[in-house]
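Good morning, everyone, and thank you for making time for this. Please have a look at the model on the screen, and I will then walk through it one part after another.

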Amino acid sequence: MNNDGTGTVHWSFWAIIIFMLIWNVMGCINFFVQMNPEMVASYRENEKAIITGRPVWATVAFAIAVFGGALGCLLLLVKKSIAFYFFIASLL
């Protein structure tokens, strides 16, 4: 058994990170769709009311969550330790 600490990561690491990246990219796409007035105009009235009535702080928190998560996943794919801080910002 090789215990020198230079081994590769398990395949499940890559599978989970790629799934997380896809999930966060879908959140980013959702953010851009909700910020597009033409798309919001095509929604039902109750959905429009939710999106337009949302406070600015909630929109900022949504942006930080999805973009922080996506950046964290990308940084984790290239094995950068700063990814931890992006995940914490996304979580908060």
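This is a predicted model: local features need pLDDT of at least 70, side-chain atom pairs count only at pLDDT 80 or more; totals for chains, interfaces and linings use all residues.

Let me start with K79, which counts as exposed because its relative accessibility is 51%, where exposed means over 50% relative accessible area, buried means under 20%, and partly exposed is in between, with a 1.4 Å probe and protein chains only. Residues are numbered from 1 along each chain as its sequence is written, and side-chain values use heavy atoms, with hydrogens and water left out.

Back to K79, then, which sits in the loop between α4 and α5; helices here are DSSP runs of H or I with at least four residues, strands are runs of E with at least two, and both are numbered from the N terminus. What is the phi of K79? The value is positive, about 60°, although K79 is not a glycine. As a general point, most residues other than glycine have a negative phi.

The axes of α4 and helix α5, the latter covering residues 83–91, come within 8 Å and cross at roughly 160°, where axes are lines fitted to C-alpha atoms, for helices over the stretch in contact, and angles run from 0 to 180 degrees between N-to-C directions. This makes α4 roughly antiparallel to α5, since angles over 145 degrees count as roughly antiparallel, under 35 as roughly parallel, 65 to 115 as roughly perpendicular, and the rest as oblique. The crossing of α4 past α5 is left-handed, meaning that the near helix is turned anticlockwise from the far one by less than a right angle, whereas clockwise would be right-handed.

Helix α4, residues 56–77, also meets α1, and there the axes come within 9 Å and cross at roughly 150°. That makes α1 roughly antiparallel to α4, and α1 passes α4 in a left-handed crossing.

Let us stay with α1, which spans residues 11–35 and contains I22. I22 belongs to a nonpolar surface patch together with V9, W14, I18, F19, W23 and M26, with about 710 Å² of accessible area together. Such patches are made of residues with over 30% relative accessible area and no salt bridge, like charges being joined within 9 Å and nonpolar side chains (Val, Leu, Ile, Met, Phe, Trp, Tyr) within 5 Å; the areas come from the Shrake-Rupley method with a 1.4 Å probe, and for residues only the protein chains shown count as cover. F19 lies in helix α1 and is exposed, with a relative accessible area of 55%.

Finally, how many salt bridges does the structure hold? There are two, a salt bridge being a side-chain nitrogen of Lys or Arg within 4 Å of a carboxyl oxygen of Asp or Glu. One joins R44 to E47, with the closest N and O atoms 2.9 Å apart; R44 is exposed at 56% relative accessibility, whereas E47 is partly exposed at 28%. In another, the side chains of E45 and K48 meet at 3.3 Å, N to O, and both residues lie in helix α3 (residues 45–52), three residues apart, about one turn of the helix.
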